[in-house]
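Please open the structure in the viewer and keep the selection tool at hand. The stops below are given in the order in which they may be selected.

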Amino acid sequence: MASSSSFLLLAALLALVSWQATASDPSPLQDFCVADMNSPVRVNGFVCKNPMEVNADDFFKAANLDKPRVPNKVGSNVTLINVMQIAGLNTLGISIARIDYAPLGQNPPHTHPRATEILTVLEGTLYVGFVTSNQPAPNRNKFLSKVLNKGDVFVFPVGLIHFQFNPNPHQPAVAIAALSSQNPGAITIANAVFGSDPAISDDVLAKAFQVEKNTIDYLQAQFWENNHY
């Protein structure tokens, strides 16, 4: 009997650990938890606003996502709608973004540390791809890519490096992305590695990338523009 109880306890603990390991944003325990942006209390997410004070505007934003945006130096503009723009998204585990691509523009290699992304092409053509995490040979850092046309959908798994590129030199492209977090985060690889503040030692980066230090110094001297607005 004791052995059976121990087995059930172990199974329950393993299930709990497995759930914690695979969960993204925590599931809500009530209908909604509109973020109280003025609360001094710090929690993982935001404290709930008094439900008696909640109104429809807490779930609304006149975001004009139907309007084109002006791309930046890398040829793209990401307009993210997350919990910082709509307080009602707090605890709901979702956000959305419009991405505009100039001809030959790209949303450069980046990751979302807290979200899986599903991308739908609204206009134009996109070449997209992601790279898997470090694996034993021969499948280490496998690159998966696809050319998408209007109406096509592609998924980027949580945390993996991915990109989108508009291969058309004459026409822009537009996509909408849904992300499985109220605050998915974005780490643009080049910006993080070569544009950090303070800078990462060029000795470290030269060794990591197996290039001369003057190559690293040149890259660190560039202006690494953010395309997330």
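This is a predicted model: local features need pLDDT of at least 70, side-chain atom pairs count only at pLDDT 80 or more; totals for chains, interfaces and linings use all residues.

Residues are numbered from 1 along each chain as its sequence is written, and side-chain values use heavy atoms, with hydrogens and water left out.

**The helix pair**

Select residues 202-209 for α3 and residues 213-220 for α4; these helices pack at an angle of about 115°, with their axes 9 Å apart. Helices are DSSP runs of H or I with at least four residues, strands are runs of E with at least two, and both are numbered from the N terminus. Axes are lines fitted to C-alpha atoms, for helices over the stretch in contact, and angles run from 0 to 180 degrees between N-to-C directions. The angle makes α3 roughly perpendicular to α4, a class that covers 65 to 115 degrees.

Next, show the side chains of D202, D203, L205, A206 and F209 on α3, and of K213, I216, D217 and Q220 on α4, which make the contact (heavy atoms within 4.5 Å). By class, the residues of this contact are 4 nonpolar, 1 polar and 4 charged (nonpolar: Ala, Val, Leu, Ile, Met, Phe, Trp, Tyr, Cys and Pro; charged: Asp, Glu, Lys and Arg; polar: the others, Gly among them).

**Two backbone stops**

Move to P198, in the loop between α2 (189-194) and α3. A cis peptide bond joins D197 and P198, with omega at about 0°.

Then select N141, in the loop between β5 (126-131) and β6 (143-148). N141 is not a glycine, yet its phi is positive, at about 45°.

**A loop lysine**

Select K49, in the loop between α1 (2-22) and β1. Leaving aside residues up to four places away in sequence, K49 touches V34, A35, D36, V54 and D58. The C-alpha atoms of K49 and A87 are separated by 9.2 Å, and these two residues are 38 residues apart along the chain.

Conventions
Angles under 35 degrees count as roughly parallel, over 145 as roughly antiparallel, 65 to 115 as roughly perpendicular and the rest as oblique.
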